[in-house]
Amino acid sequence: TLLSGAGGAMALSACGGGEDGGITPPFTPAATTRTWRLGFSPNPPRPTVPDVIRGIDLWSPRAEVALLHDDVPWSKLLSGMSADAIIDQDKQGLVDYLRSKNLALFFTIDLTNGLAREQEAPQLVAAGRSLAEPAIQQLARTWALAVQRRLNPEYLGLAAETNLIRLAAPASVYQAVRQVANDTNTALAAAGATSRRFISVQVETAWGRLGNQSGPFLGIEQDFTDFPFMQAVGLSSYPYLAWTSPSDLPADYYSRLRGARTLPMLVCEGGWASAPVPGFNSSAQTQASYIDRHATLLDSVSAVACVQLQFTDIELASVPAPVPANLPLFASLGLADAQFNAKPALARWDALHSRPRA
């Protein structure tokens, strides 16, 4: 959502080893077990192939999952480029490298603007098109089918932060997202897809607190109704945007959303900032405390996975203009800084990763 990597260069036709960046190897095993796999996205601090590779080489020993969270490549599809050609150019080399690290692949297809949920996808806006158009919806289905067939992710997200889209975007946009996700699921099922399919919800929005609001608990019952195909519940969780301290997070932070259902839950994007951001205060120590607090929340729902969106911080000066207005809110999410130097939170992460998986 935040950075789609290094674009076409991320085909990674040739991959080399990375440096250690001053980061120590993962810790040795601890006594406590965990149900959840840990993971990262390959989003780099700067959109270059060397930074992508260096990041993967550093975080893959402390992870079991790699997440690709990407927009539909609307511009290329609209230009007539086939989905298979796009995967060959932009995805296959990267996925092969991630698979070579023995990582499971989670893939989330984002249908709207990940940094401005009230808006449609930037490439569609630039082309003067809309997800509400049947022809555009067909392109989205074609892309999802190609992702399934070519990359075969273990988990495949068909829409992201649907409850926030429903709250922030025009009703026509939400209805288009609902239509596309359900029609895509039908097409995938007909094709014999083996990926476990999900949509993600924005947790702070469900609690009525995104942006430090103090509204009533909203829940995600509408999402269960609108996306009945869900085989898992994806959680987008950035609680520093809603709570002052990790210790303030309720014990039922995740379990209340699921209610009495038994659907598996996975945190498919999220984290806690390590530095103050506009409107929100934080620190490296607070981020480290969150890693520990988050483990108890994952345990409370026997989560299947937890993906930290960024391994490193985002170097905002390297982001191509125009820099999205909300991007600074997420720039310090990394467990290492933009120069690959470890923060205190990385040692906490390693301690969790050292737990044997139940």
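This report describes aromatic ring contacts and charges over rings in a predicted model.

Local features are taken from residues with pLDDT of at least 70 and side-chain atom pairs only at pLDDT 80 or more, whereas totals for chains, interfaces and linings use all residues. Residues are numbered from 1 along each chain as its sequence is written, and side-chain values rest on heavy atoms, with hydrogens and water left out.

Rings of Phe, Tyr and Trp (its six-membered ring) are paired if their centres lie within 6.5 Å, and planes under 30 degrees apart count as stacked, over 60 as edge-to-face and the rest as tilted. By this rule the count comes to 15 aromatic pairs. Among them is the edge-to-face pair of Trp243 and Tyr253, with 5.9 Å centre to centre and 80 degrees between the planes. Both residues lie in the loop between strand 6 (232-237) and helix 11 (255-258), 10 residues apart; helices (H or I, at least four residues) and strands (E, at least two) are DSSP runs, numbered from the N terminus.

Trp243 is buried, with a relative accessible area of 11%, and Tyr253 is buried at 0%, where buried means under 20% relative accessible area (1.4 Å probe, protein chains only). The rings of Tyr253 and Tyr254 have centres 5.6 Å apart and planes at 40 degrees, so this pair is tilted. Tyr254 is buried as well. Trp207, Phe217, Trp243, Tyr253 and Tyr254 form one aromatic cluster.

A charge sits over a ring if NZ of Lys or CZ of Arg is within 6 Å of the ring centre and within 35 degrees of the ring normal.

| Charged residue | Ring | Distance to ring centre |
|---|---|---|
| Arg209 | Trp243 | 3.7 Å |
| Arg261 | Phe224 | 3.7 Å |

How values were computed. Buried means under 20% relative accessible area, exposed over 50%, partly exposed in between (1.4 Å probe, protein chains only).
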